[in-house]
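Have the model open beside you as you read.

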Amino acid sequence: MIVLYEELKDLLVSQKRSQKEIDEIDRAFEFASRLHNGQYRVSEEPYIIHPVEVAKILVDLKVDTNTLIAAFLQGFVSVAAAIISICIIADRKWIRLQSFDWNTCKNELHESMPIFLSNAATTIYTACFVIILGIFATPSEVGEYSATDRIIKAITYMIFIPISQAFYPKISSLSTNNIDEAVLLIKKLLLLVSTLCLFCGALFFSFANYIQLFLGETYNGTETLFRIMAFVPFLVGTGGVFAQLVILALGNENDKIYYRNTYIIAGAVALISVLTLSYKFFGTGAAVSLLLTEFTVTVLMSVKGIRILKCKQL
């Protein structure tokens with residue numbers, strides 16, 4: 001492990017990083033080493049190898065010091081979140097021991113399988129964007145695309161996920177007790193999420209050049225990517241409301257299968273488009289491919305969601 005980290009330090013020196021920067025990175029590595037001491041991956045390698053390898057990739061991309069430090073501290077976020085969550089759950093006694101019933105477990109697995117498969121499809125095609133782009137583009141272009149994608153999706157999910165998770169239980173409950181109130185609430189949330197995401201997208205589009213300047217020279221090629229992906233927040237937010245708060249919360253078993261099939265179709269669109277576009281247009285092509293994929297999901301989810309809402313109001 002020391003040898004692996006020394007290789008990383010040699011790269012830092014070759015890039016003429018200041019001693020202050022190298023000292024800060026040293027402290028981050030030492031903290032991560034203590035944090036993950038005794039932890040191993042499935043391959044039986046020490047866990048700390050992963051942050052070091054990530055840092056080496058980032059050094060090749062010539063990212064700033066803070067980004068390199070973040071590579072070593074990425075595990076701390078998960079550990080801290082887990083500890084805080086366990087403390088809250090234990091304090092409020094949200095979990096109790098239950099007798100295990102295999103038939104109930106089997107039924108739950110059967111009902112949730114469409115959701116599991118759709119999530120699996122989403123994870124696979126999302127990862128494929130970067131992997132396939134890496135085949136055709138330079139590491140710098142891959143880094144620019146990945147950074148833009150992460151920034152835009154972080155803002156989008158910061159809006160959508162808290163709202164969907166907070167209101168999903170209430171809408172599910174209202175679906176059996178007061179369907180009219182459930183539909184009204186969904187419409188209000190749809191307007192709220194769509195407006196906020198549209199506003200964020202407009203900011204990304206309008207201030208793409210300033211965002212690029214703020215991020216630094218490492219991200220000089222991101223202005224065009226930000227402008228293309230600026231439409232993603234609106235698509236993800238709108239499609240997400242229809243998918244989770246309408247199809248899953250109000251729909252039946254057939255609607256869940258439709259939900260699964262939508263993401264399988266989106267996966268096919270993603271693979272075909274990213275292979276075609278990134279081959280010729282590199283990062284820009286991958287961004288357009290992402291936009292096409294999210295557009296496909298939004299249209300299919302919206303069409304089904306609107307039908308469900310109309311049926312519930314009859």
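Leu213 sits in helix 8. In this predicted model, Leu213 has a relative accessible area of 64%, so it counts as exposed because that value is over 50%. Here is what surrounds that story, topic by topic.

**The largest pocket**
- The volume of the largest pocket is about 1000 Å³.
- Its lining is made of 28 residues, and those nearest the centre are Leu58, Gly143, Ser146, Ala147 and Arg150.
- At least two lining residues come from each of helix 3 (49–60), helix 4 (65–92), helix 5 (102–136) and helix 6 (139–177).
- Which helix gives the most to this lining? Helix 6 does, with 12 residues.
- Sorted by class, the lining holds 15 nonpolar, 9 polar and 4 charged residues.

**The second largest pocket**
- The second largest pocket has a volume of about 550 Å³.
- It is lined by 25 residues, with Tyr157, Phe160, Val236, Gln244 and Tyr263 closest to its centre.
- Helix 5, helix 6, helix 10 (232–250) and helix 11 (253–313) each contribute two or more residues to this lining.
- Its lining has 13 nonpolar, 10 polar and 2 charged residues.

Methods
Residues are numbered from 1 along each chain as its sequence is written. This is a predicted model: local features need pLDDT of at least 70, side-chain atom pairs count only at pLDDT 80 or more; totals for chains, interfaces and linings use all residues. Side-chain values use heavy atoms; hydrogens and water are left out. On a 1 Å grid over the protein atoms alone, a cavity is a set of points where a 1.4 Å probe fits but cannot get out, and a pocket is an open set with protein on both sides within 12 Å along at least five of seven lines; lining residues have an atom within 4 Å of a point. Grid points are joined across faces, edges and corners, and a volume is the space filled by probe spheres set on the points. Helices (H or I, at least four residues) and strands (E, at least two) are DSSP runs, numbered from the N terminus. Ala, Val, Leu, Ile, Met, Phe, Trp, Tyr, Cys and Pro count as nonpolar, Asp, Glu, Lys and Arg as charged, and the others, Gly among them, as polar. Buried means under 20% relative accessible area, exposed over 50%, partly exposed in between (1.4 Å probe, protein chains only).
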